[in-house]
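User: I am new to this structure and would like a close look at a single part of it, with the side-chain pairs set out step by step.

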Amino acid sequence: AAENADWKTATLCLAADGAGCFERAGRCMSKPPERIAAAALPADAWRTVVPVRFSHCDPAGIVYFPRYFDIINGVVEDWFAGALGLPHHHFIRDRRIGLGPAHAEADFMKPGFLADELVFAVLVDRIGNSSLALSVHGHRGGEPVLAARMTIVTTSLVEHRAIRIPDDLRAALEAYRERCR
């Protein structure tokens with residue numbers, strides 16, 4: 001609770017890319033991922049079930065935390081087709097538009113165990129000019145296991161620079177965000 005109180009007293013500021021962030025202890029930082037109970041997620045939020053496999057775990061049978069970022073990336077790739085109707089690989093392979101993470105962070109509330117069935121939901125937090133911020137929420141039996149934030153930047157895979165979010169992607173993101181309000 002003290003950690004969350006610290007964010008309540010933080011000063012809103014603007015990051016170099018124009019994204020909103022919070023100043024704490026003289027540094028501009030993104031706000032930590034919000035911990036949302038499964039029942040409090042919007043009814044129209046896209047969800048998927050991810051089984052925890054042996055390859056995700058350490059020798060104790062607990063999900064090794066870096067593997068969560070691989071799982072989250074897979075969830076986001078599936079979300080593109082499942083929620084937005086725009087296959088992730090179509091951007092990269094056919095349109096030569098990169099969808100790379102510029103920032104990722106996660107809070108781990110409970111350990112994930114071998115053979116768990118984790119339910120993940122994705123929400124759109126921000127749509128910028130060339131980037132979007134997502135929050136990804138993982139639950140086991142309705143109980144939060146992790147909350148993550150990911151900023152994705154759209155880039156030209158030919159020129160290797162940031163580009164404006166394509167109109168079809170922007171429209172799909174806005175429609176999804178509206179459905180989840």
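Analyst: The model is a predicted one.

A pair of aromatic rings is described by the distance of the centres and the angle of the planes. The count for this structure comes to six aromatic pairs. F65 belongs to helix α2 and F108 to strand β5, so the pair links distant parts of the chain, 43 residues apart. The two rings are also members of one aromatic cluster, which is formed by Y64, F65, Y68 and F108.

Helix α2, which covers residues 65-84, also packs against helix α4, residues 167-179. Two packed helices are described by the angle between their axes and the distance between the axes. Here the angle is about 80 degrees and the axes are 10 Å apart, which means that α2 is roughly perpendicular to α4. On the α2 side the contact is made by W79, F80, A83 and L84. On the α4 side the residues are L169, A172, L173, Y176 and R179. Of the residues in this contact, eight are nonpolar, one is charged and none is polar.

Charged side chains give another kind of link. Side chains of opposite charge can pair when their charged atoms come close. The whole structure holds nine salt bridges. One of them joins E143 and K110, with the closest N and O atoms 3.6 Å apart. E143 lies in strand β8 and K110 in the loop between β5 and β6, so this bridge ties together parts 33 residues apart in sequence. Both ends count as partly exposed, E143 at 34% relative accessibility and K110 at 36%.

Another salt bridge is formed by the side chains of R93 and D94, at 2.9 Å from N to O. R93 is exposed, with a relative accessible area of 54%, whereas D94 counts as partly exposed at 42%. R181 and E178 also meet in a salt bridge, at 3.3 Å from N to O, and both of these residues are exposed.

Methods: Residues are numbered from 1 along each chain as its sequence is written. This is a predicted model: local features need pLDDT of at least 70, side-chain atom pairs count only at pLDDT 80 or more; totals for chains, interfaces and linings use all residues. Side-chain values use heavy atoms; hydrogens and water are left out. Axes are lines fitted to C-alpha atoms, for helices over the stretch in contact, and angles run from 0 to 180 degrees between N-to-C directions. Helices (H or I, at least four residues) and strands (E, at least two) are DSSP runs, numbered from the N terminus. Angles under 35 degrees count as roughly parallel, over 145 as roughly antiparallel, 65 to 115 as roughly perpendicular and the rest as oblique. Contact means heavy atoms within 4.5 Å. Ala, Val, Leu, Ile, Met, Phe, Trp, Tyr, Cys and Pro count as nonpolar, Asp, Glu, Lys and Arg as charged, and the others, Gly among them, as polar. A salt bridge is a side-chain nitrogen of Lys or Arg within 4 Å of a carboxyl oxygen of Asp or Glu. Buried means under 20% relative accessible area, exposed over 50%, partly exposed in between (1.4 Å probe, protein chains only). Rings of Phe, Tyr and Trp (its six-membered ring) pair if their centres lie within 6.5 Å; planes under 30 degrees apart count as stacked, over 60 as edge-to-face and the rest as tilted.
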